[in-house]
Amino acid sequence: MTDTFIQLDNLTKTFPGITEPAVDELSLDVCEGETVMLVGPSGCGKTTTLKMINRLVEPTSGRIIIGGQDVTDANPDELRRGIGYVIQQGGLFPHMRVRDNVAAVLQLLKWSSTKISQRVDEMLDLVGLDPAVYRDRYPKQLSGGERQRVGVARALAADPPIMLLDEPFGAVDPIVRERLQDEFLRLQREICKTIVFVTHDLTEAIKMGDRIAIVRDHSAVAQFDTPARILAKPANEFVRDFLGENAELRALSLLEVTSDMLSTLPSISVEPGEVDPARAQGPATVVIQDGRPVGWVTADASDRTFLPVEPLVLGPRTHLADAVGQMVRVGAPAAILVDEAGQLVGCLEFSAVPRAVVHAAAGSAPKSDRVDKEVADADHRA
Amino acid sequence: MSFSEYLSYYGADVVQQFGGHLGVVVLATLLGSIVGISTGIAVYRVPRASALAIKVSGIVLTIPSLALYVLLLGLLGLGWPPVLTALTLYSLLPIVQNTIVGLCGVDAATVEAAKAIGMSRRRCLIRVELPMAWPIILTGVRVSALLLVSTAAIGAIVNGPGLGEAIYTGLNQIGTPTALYSALSGIVGIVIVGVLLNFVFIALARLTVSGGLRD
């Protein structure tokens, strides 16, 4: 899973007539099955870098190694048939129907026509387009989002192990973009491609990437790490500037709440319908009713009040941001976390939040490792 | 003698001239398309070669047709050969120019997408670039064909085929009762050839231009 699959070794590209190289001695390793985001200001050479992987741009010097094989001098047409490529608006052929667009690579690979039409329908289904409705349409009869989906279907049709995406969701409105991003994430969990994804949108990079390479001029990599670690600990001034202010706040929505962050606060059990603030101990007390936490009793000077809480479930989908959200919403100094059964697991105190961010910066496991761990745990349980 | 009487006497000749006119125009347009589109494909990637090709075919078009027919008379004799050659040469400019403009106008991102999925340059040209440029190329062919319909009439001076002969006969017999009818049959015939070709091109565009490119 974590084997290097695409290795860019000292890639340099100098365009004729321009003295400054567009990409200068770039080295980057992409592991199998991971999504690496290339993000940076426009004109920084990230698209050129992407195009060197499928040799739409021939490198001036350096090597490209894919799956252990040096492809720097391989036949580019054959190389490209094994690499999916998606660009803004899908790059569809306007004179071909959707089915012919999706089939384009399959025809190059000389599939039989019955196999092709089966595969086309399968691909349209995969990207959420009803084949019966969309098969015979022309690109101009599609919305921006639909075009983008067809572009993804075409890129995936021949089941290439690698996908290159160049600002694929750049030309659609924010709502559609978000939906396409979510769908792509779901799709990627199914298909597990090795993906290099170019964007100028930091939010997209954080959302989509297992790792992010922040690129500055001439494709110099300013930082290459997991989104959480980049946000929590920018490596240098350039990254800090690029992330903008309050980057740490973005980190909160990436870092999971884990059991080691939790602490135990005093709690009281009450009968249904009866809350007695007088029994509270200390500044904040968890109120438990029928074995389930239902809220807080807080002590503010002499005034004691009951604050009802909708507890969070401890798990991979609960992030620090959710916990902070709960604290702010309720007005309590900590968040209440429960297990799947609704039993109290512990409380996340506000002071634990910055500690968790600092801890993540010091070195939390990258996302892909985490997946491994989950798989290993599952195996273990089985 | 009325026009209908004239036609009953000379109708067979007019029909034959009509056939010859249509034939020489269609044939010259076909030859011009083969030469012109091939030239356009050969040069469109190189701006200087494109400019040269357009300039040369433009110069050809500026030679007065009368002069060109007489010039070719010495080389190719009388009848079909000089007329067909001259018309083919005249057809080149719109076809070469529109082929170049059409191919250069194909969206670069689409061509790159074709390359990126592993199409060879040749396949990309045949499957992507030419079909996308086709509406513009076809317009060039149509302009050429309609241009040739009128130019072909002058071919009669080198004894070429077509309705020009009827017009010349009329001119030479001015004052005789049939002069006007002769010229009229030539002119009306030429107009019909033009209208007919126009319909053919509309049908051709319907059949050959992808629905994805039509408005």
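In this predicted model, helix H7 of chain A is followed by Cys192(A), a residue with a positive phi, near 50 degrees. H7(A) covers residues 174-191, 18 residues in total, and stretches 25 Å from its first C-alpha to its last. That is close to the 26 Å expected at 1.5 Å a residue.

What does H7(A) bury? Its buried residues are Arg177(A), Leu180(A) and Phe184(A). These three sit on the same side of H7(A), because the arc they cover around the axis is only 65 degrees. What they pack against is helix H6 of chain A, residues 144-156.

Chain A has an open sheet of six strands, with mixed pairing, and the order reads S6-S7-S8-S3-S9-S10. Its edges are strand S6 (83-87) and strand S10 (220-225) of chain A, each of which pairs on one side only. On average, and with direction ignored, neighbouring strands here are turned by 15 degrees against each other.

Within the sheet, strand S7 (residues 162-166) and strand S8 (residues 194-199) of chain A make a parallel pair, held to over five bridges. Taking one residue as an example, Met163(A) has Ile195(A) as its bridge partner in S8(A). A helix also lies across this part of chain A: H1, residues 46-53, which spans strand S3 (35-39), S7, S8 and strand S9 (211-216). Relative to S8(A), H1 of chain A runs at about 155 degrees.

That leaves the contact between the two chains, to which chain A gives 19 residues and chain B gives 17 residues. Which elements of chain A give two or more residues to the side that touches chain B? They are helix H2 (76-81), S6 and helix H3 (98-108). Of these, H2(A) provides the largest share, at four residues. Sorted by class, the side of chain A that touches chain B comes out as 11 nonpolar, three polar and five charged residues.

Technical notes: Residues numbered from 1 in each chain as written. Chains lettered and ligands numbered in written order. Predicted model: local features only at pLDDT ≥ 70, side-chain atom pairs only at ≥ 80, totals over all residues. Pairing = 2+ DSSP bridges. Axes fitted to C-alpha atoms, helices over the stretch in contact; angles between N-to-C directions. Contact = placed C-beta atoms within 7 Å. Nonpolar A, V, L, I, M, F, W, Y, C, P; charged D, E, K, R; others polar. Expected span 1.5 Å × (residues − 1). Buried ≥ 20, exposed ≤ 12 C-beta atoms within 10 Å, placed from the backbone. Arc of directions from axis to C-beta.
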